[in-house]
Amino acid sequence: MHGPASPGWLLVALCAATGAYCLLRMRSGVEEQRRTAGGEALMGFGMAAMAVPTAVFTPPSWAWPLYTAVFGAAALRALWAARTSAHHLHHLVGAGAMVYMAVVMATSTGHHAGAGVPLVTGLLLLYFTGYVLRSGVRLIPVTAGTGAVGWADRPELARACRLSMGIAMVTMLLTM
């Protein structure tokens, strides 16, 4: 993404750490956790890769169509999964946002890229800002679980991961 290198590296670290925890959640004994954790890990690692500062590494021209294809497939999977759970609609919006950002980056020239279609960017910013605020409020009342709960089954950590990915998405949309 465009912008200063230091915040870019912090965003890379945040997204990579979130993706790594989502991989850990794939070992959960709860089926719904496993089902959503893979998609969230893909989003975390994909966002980390897209957030690498362009001053350090400029992706090859084939990278953006690859991102578009990968996240397009993730969007189709989320659309299919949304038949049974409304939570997957958020995954659909997230994957769609990643496709949108990849297309904008593929069509941009140099460090002075446009922000894409202002209406689409604005709607995505509005959605993810609302998601971040809602997720933050939902995180407040969660208390630590009682008894021995594995790292993969901690609901407060899963919510914190989703919150951090939402914050990262807002940041990426603002720096686009």
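**Fold, surface and salt bridges**

Tutor: Val117 sits in the loop between helix H4 (87-107) and helix H5 (118-139); helices (H or I, at least four residues) and strands (E, at least two) are DSSP runs, numbered from the N terminus. The model is predicted: local features need pLDDT of at least 70, side-chain atom pairs count only at pLDDT 80 or more, and totals for chains, interfaces and linings use all residues. Residues are numbered from 1 along each chain as its sequence is written, and side-chain values use heavy atoms, with hydrogens and water left out.

Student: What is the relative accessible area of Val117?

Tutor: The scale is buried under 20% relative accessible area, exposed over 50%, and partly exposed in between (1.4 Å probe, protein chains only). Val117 falls in the partly exposed class, and its value is 47%.

Student: What pattern does the protein follow along the sequence?

Tutor: The protein has six helices and zero strands. Read along the sequence, the pattern is α-α-α-α-α-α.

Student: How much of the protein counts as buried?

Tutor: The accessible surface comes to about 9200 Å², with 72% of it belonging to carbon and sulfur atoms. Of the 176 residues, the buried share is 42%.

Student: How many salt bridges does a search of the whole structure find?

Tutor: A salt bridge is a side-chain nitrogen of Lys or Arg within 4 Å of a carboxyl oxygen of Asp or Glu. Side chains of opposite charge can pair when their charged atoms come close. For the whole structure, the number of salt bridges found is two.

Student: Which residues are linked in a network of salt bridges?

Tutor: Glu40 pairs with Arg25, their closest N and O atoms being 2.6 Å apart. That pair links helix H2 (residues 31-50), which holds Glu40, to helix H1 (residues 5-25), which holds Arg25, 15 residues apart. Glu40 also forms a salt bridge with Arg162, the closest N and O atoms being 2.8 Å apart, and this pair joins helix H2 to helix H6 (residues 155-175), 122 residues apart. The network therefore consists, with a salt bridge as defined above, of Arg25, Glu40 and Arg162.

Methods
Accessible areas come from the Shrake-Rupley method with a 1.4 Å probe; for residues, only the protein chains shown count as cover.
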